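Q: Can you walk me through this structure? Keep it short, please.

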Amino acid sequence: MIALRDVTKQFGARARVDHVSLTVERGTTRVLLGETGSGKSTILRLILGLLTPDSGAITVDDVPVTATSRRDVLQRIGYVVQEGALYPHLTAARNATLPARAEGWEAVRTGARLVELALLVGLDQELLDRYPAELSGGQRQRVGLIRALMLDPPVLLFDEPLGALDPISRSELQGELGRLFRELHKTVVLVTHDVREAFLFGTTITLLRDGRIVQEGTFADLAQRPAEPFVAEFLRAQAPPAAMTAYL
Amino acid sequence: MRRLTLALIILATATHASAATAIRVGSKSFTENYIVAEIVARIAEEVGEAPVQRRAGLGGTGIVATALESGEIDVYPEYTGTISRAILKDPSLTALPALRAKLAPHGLTMSAPLGFANTYALAVRRSMATRLQLKSISDLRRHPELTAAFDPGFLDRDDGWPGLRRHYGLGITNFRGMEHALTYRALAGGHVDVIDVFSTDGQLTRADIVVLEDDRRFFPEYAAVLLAHTAFTQERPRTWAALQQRLEGRIDTTTMARLNAEVELDGRTFAQVAATFLGQREVQRRHELLPLTLEHLMLVGVSLAVAIVVGVPLGLLAARHALLGQAELLGVGLLQTIPALALLAFMIPLFGIGKVPALVALSLYALLPIVRNTHAGLTSIDARLLEMASVMRLGGRLRLFTIELPLASVTIMAGIKTAAVLTVGTATLAAFIGGGGYGTLIVTGLALNDVRTILAGAIPAALMALAIHFLFEGLDRLVVPRPLRH
């Protein structure tokens, strides 16, 4: 379970995260939806302890996120970002197994886990010997996913994981991620600006604007009972035109 | 780091110890001083009281005098005017007993004059001297229409042209600055009528020119003597006695000019000229390229290795602590603003002369590009990649050696390459403090104004710089991970 209680984080004079309270129950998926600069990525970085809140408290599975407990908290979290943030000088396999090396796992155990996860995320094993530059965007993202899952953490955080992908691999990975979330019963927080993605993944969606929560609920809640005109406006802006859906 | 310092100190002490048993003869880096030093060395060898070490070509007065005072050399040829002005800083001292008395507290002493004086003088073409009846500088007062070319140093110094003009009341207004090496040609070609010369210039024995008498005694006396450590004269009494007996008053100004000419105009070696003067059998001894190459490689290799071992951790430290980093970069930056030759000179009181101070100075000099590039390489790593390392809890060695150093390797290697190529060039200056290497040829060539000898040192140095460049390009393949190479 992830809990934020009245968290505020300022950059200069401007509040990036403004009195946000949020609870993500164990085994559920939460989508943080909003425009660029709405504070959704900052919330992830606060949960990871990469930033310290100016006020308020954050817990991950009841462990408060502080400077001293940060390492324990991080052990429970897998983190996936746009493009995967893979190290260009390491092969896919070396990238993916870094968390295991940090833990001091034996090679045999690491190797077995790598094969298992490659199968799970649908990555061809022979691609593991390639460098990131030799992989496609979708393949890189799968390697990033293997890396996040390496130590089997109960919590997964995704920051625009599909943001840089072309439409087909994006749609493909959207399907697979949805399946994984259901199969693995992880506590997931996924940040996106894409309404379609929020619709696909989020049992609960939190819509943010200027660091504040505008509305929280299912997609149906947001679509049918918008808390303020902005909610309807935001959803409508990304909806395909009716005339277009008629052709598909 | 501490171990390294210790090793350097031990090395320095070792060179001191071995050198203490030998007689070490130094010289400045110009022809006449080389020749006299070689003559001194040969006499000392004949006496056989102790083995003789030649530490020739130690730059100018600053370096060679410091080397003498710090006990790095025992004796070298000097001039009374330089002793009073540059070493004792009291131009009023002229009498020999007074000079000796002032030298004594420094633990130094000097021989009686060797016979020649290397002073400034004015010279004119013989044909013109005859036509205008010019014998002394006073005679020039009658001819303010004459043109003159003077060495820049002579033009500026108060004991040069400005003082001379006042002293004699000369009316010459058409004068200009010109490199000393060119003035003889300008005079011979009739482009100018009067030039400044040194009384022992080799060209004086060949060119058809006349030196004008300093009839109103303006130029200070620069009589040649041997400047020596008092302890040396006491510990090697037979050598010192032989030097005095065989050299005092034995080399007059004409002889010295002739010896200079033999080297500068006839291309004979210092050793050959010295041997002839002493009536010894002539020896064929010349600088061999292979030992100089090995020496140069050693200077570059060792100082570069030290600079890498010290510089990369310093760069790492600078990247970790912003404030300390700025102070550190400023520090190594300042080090670079010290002219290389001055840095070498600063090393003499600390490490003496020879290889050790050269290695220390070269290592310090190579630091900047390595520290700076290590810092730049580490601080320019994509922040997201570092953040991901933190999230994965990669720490300590794993983070440093698996993530940070490889990602910064291209930039760090570029710094090391810069340092390597720079060091090949800077190492040629090591010869000024007896460090050896290709610089030995360059220093000698500069002294002789002999372009061929200079090139004999400069071209191999340039080739070595090229070779090292390509060697490091190859080394990139070992150090820089494949996907990061261009």
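A: One term to start: two residues are in contact if their C-beta atoms, placed from the backbone, lie within 7 Å. In chain B, residues 24 or more positions apart account for 78% of the contacts with a separation of 6 or more.

Q: Where does the model come from, and how is it labelled?
A: It is a predicted model: local features need pLDDT of at least 70, side-chain atom pairs count only at pLDDT 80 or more, and totals for chains, interfaces and linings use all residues. Residues are numbered from 1 along each chain as its sequence is written, while chains are lettered from A and ligands numbered from 1 in the order in which they are written.

Q: OK, chain A. How many helices and strands are there in chain A?
A: Chain A has 11 helices and 10 strands. These are DSSP runs, numbered from the N terminus: helices are H or I with at least four residues, strands are E with at least two.

Q: And how compact is chain A?
A: As compact as a globular protein of its length, because its radius of gyration is 19 Å, close to the 18 Å that the globule rule gives for 248 residues. The radius is taken over C-alpha atoms, and the rule is 2.2 Å times the number of residues to the power 0.38. The C-alpha atoms fill a box of roughly 55 × 55 × 30 Å along the principal axes.

Q: What share of chain A is buried?
A: Buried residues make up 43% of its 248 residues. Buried means 20 or more other C-beta atoms within 10 Å of the residue's own; exposed means 12 or fewer, partly exposed is in between, and C-beta atoms are placed from the backbone.

Q: Which domains does chain A have?
A: Domain 1 covers 1–76 + 153–218, and domain 2 covers 85–152. Such bounds come from an automatic or database domain assignment. The centres of the two domains, taken over C-alpha atoms, are 23 Å apart.

Q: How many residues of the two domains of chain A are in contact?
A: 10 residues of domain 1 of chain A meet eight of domain 2. On the domain 1 side, helix H7 (residues 167–184) of chain A brings the largest share, four residues.

Q: Switching topic. What does chain A bring to the contact with chain B?
A: Chain A brings 17 residues and chain B brings 16. On the chain A side, H4(A) gives the most, with four residues. By class, that side has 13 nonpolar, two polar and two charged residues. Ala, Val, Leu, Ile, Met, Phe, Trp, Tyr, Cys and Pro count as nonpolar, Asp, Glu, Lys and Arg as charged, and the others, Gly among them, as polar.

Q: Now chain B. What is it built from?
A: Chain B has 21 helices and 10 strands. Of its 486 residues, 46% count as buried. Its C-alpha atoms fill a box of roughly 95 × 55 × 40 Å along the principal axes.

Q: Which domains does chain B have?
A: The assignment gives domain 1 (19–117 + 222–277), domain 2 (120–211) and domain 3 (289–484). The C-alpha centres of domain 1 and domain 3 of chain B lie 37 Å apart. In their contact, 16 residues of domain 1 meet 16 residues of domain 3.

Q: Which helix gives the most to the domain 1 side there?
A: H3(B) does, with four residues. The residues on that side of domain 1 of chain B divide into six nonpolar, seven polar and three charged.
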